[in-house]
Amino acid sequence: MSITLHIHATRETANKKVAREIAELIRAKPHAVLGLATGSTPIGVYEELVRLHHQEGLSFRQVCTFNLDEYQGIDLSHPESYWNFMHRHLFDHIDIPAANIHIPGTRVPSLELADYCKRYEELITVHGGIDYQILGIGRTGHIGFNEPGSPPDCRTRRILLDQLTREDAAPAFGDLDHVPTHAITMGCGTIMEARHIALLAFGTAKAAIVRKALRGPVSSQISASYLQNHEHTSFHLDHESASLL
Ligand code: PGA
């Protein structure tokens, strides 16, 4: 098993390649299950999927989606909630029924947390598992919000965000104090069950962590390194993020 490496001339090429793979999957399997990511990295893929919907008739009517993660302690309507992000960048522009969209809530009460996370996992299973999972990578090596220390078999749960992750999010929230401290995230075990995984990483800021994830030992200190043990994972990089390989 090894990760398939694509080093693209431009981010646009990477975005188009991933979007085309998703479109091919949906055309072959209209009720495909997609695992979706947020952050700046996948925005171009979503733009391309919206274009394919409008210009080439790609329909999401039977597609079902599960997002990786969501901040806790902010309103759903907060501009930085992942619910808001996904609607702004994708769901508001395609024909997916609202009932087919799954994103963890932003204010899951502590007492309900265990059942809530278990139910999220069950829903993925009931829908047949994730066919195609999009991932970004954080500078801590997180996939989803699986920060350093996350074991390989961890499942959907609440997690304390790493300081570096919160610092990276601070500009979007105005300042560090406004960045949530916790999130709900699919676990590494959940992600590893996806049949195909495409991780995208762009820019020099990601070069060091991409190198560790791809070339370093498989370690709980770098959740993305677990992908070395996945059967069908591709990394889609640009020259900058691949510069230390
Ligand atoms: P980014 O975040 O796409 O905004 O760089 C990636 C991540 O934290 O997974």
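This is a predicted model: local features need pLDDT of at least 70, side-chain atom pairs count only at pLDDT 80 or more; totals for chains, interfaces and linings use all residues.
View 1. Which residues are around the ligand? They are Gly39, Ser40, Thr41, Gly136, Ile137, Gly138, His142 and Lys206.

**View 2. Side chains reach the oxygen atoms of the ligand.** Start with Thr41: an N or O atom in its side chain is 2.4 Å from an oxygen atom of the ligand. Next comes Lys206, with a polar side-chain atom 2.6 Å from a ligand oxygen. For His142, a polar side-chain atom lies 2.7 Å from an oxygen atom of the ligand. How much of the ligand's surface does the protein bury? Taken alone, the ligand exposes 280 Å², and the protein buries 73% of that.

**View 3. The ligand in its pocket.** Now look at where the ligand is placed: the largest pocket is where it sits. Among the residues around the ligand here are Ser40 and Ile137.

**View 4. Asn146 in its loop.** Here we turn to Asn146, found in the loop that runs between strand S6 (132–135) and strand S7 (157–160). Is Asn146 buried or exposed? With a relative accessible area of 0%, Asn146 is below the 20% cut-off, so Asn146 counts as buried. Its side chain reaches two backbone oxygens: that of Ile143 at 2.9 Å, and that of Met186, also at 2.9 Å.

Terms used:
Residues are numbered from 1 along each chain as its sequence is written. Side-chain values use heavy atoms; hydrogens and water are left out. A residue is near a molecule or strand if one of its heavy atoms lies within 4 Å of it. A polar contact is a pair of N or O atoms within 3.5 Å; within protein, one must be able to donate a hydrogen and the other to accept it, and residues adjacent in sequence count only if both atoms are side-chain atoms. Accessible areas come from the Shrake-Rupley method with a 1.4 Å probe; for residues, only the protein chains shown count as cover. On a 1 Å grid over the protein atoms alone, a cavity is a set of points where a 1.4 Å probe fits but cannot get out, and a pocket is an open set with protein on both sides within 12 Å along at least five of seven lines; lining residues have an atom within 4 Å of a point. A molecule sits in a cavity or pocket if more than half of its atoms lie within 2 Å of its grid points. Helices (H or I, at least four residues) and strands (E, at least two) are DSSP runs, numbered from the N terminus. Buried means under 20% relative accessible area, exposed over 50%, partly exposed in between (1.4 Å probe, protein chains only).
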